[in-house]
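Good morning, and thank you for making time for this item.

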Amino acid sequence: MSVVVRVVVLGPPGAGKGTQAMFLKERLGACHISTGDMLRRAVNDQSPLGLKAKKSMDKGKLVSDNLILELIGKHLSQEDCKRGFVLDGFPGTRPQALGLEKLLRNLDLQLDRVVFINVPRDAIICRLAGRRTCEKCGTMYHLVFDPPSKEGVCARCNGVLYQRSDDKEDTIAARCDVYKSQTAPLIDYYRKGGLLQEIDGLGNSDDVKGRVFQSLGFDVA
Ligand code: AP5
C-alpha cells in the first residue's frame with residue numbers, strides 16, 4: 001500500500017536535513033523540496049532569483065520570505081508532489097510557516113508531521129566544515145564520517161567534489177545565529193500545533209534514519 005505523507009524536516013544548519021530528506025524521498029516516492037538546493041541552482045544559473053538570493057546566502061542570512069514562498073508555491077502544485085512531499089529548509093521563519101499553511105489550504109492539503117532533528121552546535125560545525133558535494137549529481141560526502149573512496153571524486157558519477165561557499169567558519173557561525181533567532185521559534189510553533197516529532201540527530205546517518213522512520217511509523221528496511 002502506498003502512503004502519502006507530507007513532512008517538514010526542521011533543524012539547524014548541518015543537522016542532516018538533506019541527508020534524511022533523501023532517505024524519506026526514496027522510501028515514500030515523494031518529492032523532495034530543498035529551498036537551499038533550489039537557490040544554489042538559481043545562483044549557478046545566474047537567474048534573476050539567483051542574483052537576488054546570492055547576497056544573503058553568502059552572508060549566511062535568509063532570503064526574503066516572499067521570494068521563498070513564490071518558489072515553494074510553484075513546486076507544491078506540481079504533479080510529483082501528489083505522492084507527498086518532504087520539505088527541507090522550509091519553512092525557515094514564522095511568516096513562511098503561515099504562508100505554507102495558506103498554500104496547502106488552497107490545494108486542499110494538510111501537513112502530516114514536522115520532524116525536528118536536534119543536533120548541538122559543536123557537532124554542526126564539524127559536520128559542515130567536512131561536507132563535500134558532487135557538482136554533477138549532488139551526492140553528499142563528509143571527509144570524516146562518509147569519505148569518498150577517491151579523494152575529491154564522486155563514487156557515484158566521477159564528478160568533482162566541492163565545498164559549499166557558505167560552509168566557511170564565519171558564515172557557519174552567522175547561519176547558526178540566524179537559525180536561533182528566526183527558525184528555532186518554529187519548534188514551539190509546531191509543538192503547540194501537535195505536529196512536532198523531535199529526533200536526537202547525534203549518531204551516524206543510519207542511526208538517525210532509524211529514529212526518523214520510527215517517529216513516522218515506518219519500517220527502517
Ligand atoms: P540550506 O541549504 O537549507 O542550508 P542549511 O539549513 O544551513 O542546511 P544544510 O544544507 O547546510 O544542512 P543539512 O541540515 O541539510 O545537513 P546535510 O544533510 O547537508 O540553505 C542555504 C542558504 O539558502 C541559507 O543560509 C539561506 O541563505 C538560503 N535559504 C534556504 N532556505 C531558506 C528559507 N526557507 N528561507 C530563507 N532563506 C533560505 O548534512 C551536512 C553534513 O553532515 C554532510 O556532509 C553530511 O554527509 C553529514 N551528515 C549528515 N548526517 C550525519 C550524521 N548523522 N552523522 C555525521 N555526519 C552527518
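What you see is a predicted model, in which local features need pLDDT of at least 70 and side-chain atom pairs count only at pLDDT 80 or more, while totals for chains, interfaces and linings use all residues. Residues are numbered from 1 along each chain as its sequence is written, and side-chain values use heavy atoms, with hydrogens and water left out.

Let us start with the ligand. How many residues surround the ligand? There are 34, and the closest are Thr19, Lys61, Gly89, Arg131 and Arg175; a residue counts as near if one of its heavy atoms lies within 4 Å of the molecule. By class, this shell holds 13 nonpolar, 13 polar and eight charged residues. Here Ala, Val, Leu, Ile, Met, Phe, Trp, Tyr, Cys and Pro count as nonpolar, Asp, Glu, Lys and Arg as charged, and the others, Gly among them, as polar.

Several elements contribute at least two residues each to the shell, namely helix 1 (17–28), helix 2 (35–45), helix 6 (121–129), strand 6 (140–142) and helix 9 (205–215). Helices (H or I, at least four residues) and strands (E, at least two) are DSSP runs, numbered from the N terminus. Which helix gives the most to the shell? That is helix 2, with four residues.

Now to the polar atoms around the ligand. In the side chain of Thr19, an N or O atom is 2.6 Å from a ligand oxygen. Arg164 places a polar side-chain atom 3.1 Å from an oxygen atom of the ligand. From the backbone, a polar atom of Ser205 is 3.3 Å from a ligand nitrogen. The ligand taken alone exposes 1,000 Å², of which the protein buries 93%; these areas come from the Shrake-Rupley method with a 1.4 Å probe.

I turn next to the interior. In soluble globular proteins, nonpolar side chains tend to be buried together. A nonpolar core is a set of buried Ala, Val, Leu, Ile, Met, Phe, Trp, Tyr and Cys residues joined through side-chain atoms within 4.5 Å. Buried means under 20% relative accessible area, exposed over 50%, and partly exposed in between (1.4 Å probe, protein chains only). The largest core has 34 residues, and Leu87, Leu100, Leu111 and Tyr190 touch the most other members. Its largest share, six residues, comes from helix 4 (residues 65–76). Apart from this core lies another, of 24 residues, including Leu24, Ile124, Ile199 and Phe213. Beyond its neighbours within four places in sequence, Leu87 is in contact (heavy atoms within 4.5 Å) with Val7, Val8, Val9, Ile33, Ile72, Leu76 and Leu100.

At the N-terminal end, Asn204 caps helix 9, with a side-chain oxygen 3.0 Å from the backbone nitrogen of Asp206. Just after helix 9, Gly217 takes a positive phi of about 80 degrees.

Two strand residues follow. His32, in strand 2 (residues 31–34), makes a side-chain polar contact with the side chain of Asp88 at 2.9 Å. A polar contact is a pair of N or O atoms within 3.5 Å; within protein, one must be able to donate a hydrogen and the other to accept it, and residues adjacent in sequence count only if both atoms are side-chain atoms. A polar atom of the Tyr141 side chain lies 2.9 Å from the backbone nitrogen of Ala155.

Finally, some backbone features. A cis peptide bond, with omega of about -5 degrees, joins Phe90 and Pro91. Pro91 sits in the loop between strand 3 (84–88) and helix 5 (94–106). Gln46 is not a glycine, yet has a positive phi of about 55 degrees; its relative accessible area is 60%, so Gln46 is exposed. Asp108, also not a glycine, has a positive phi of about 60 degrees, and at 70% relative accessibility Asp108 counts as exposed.
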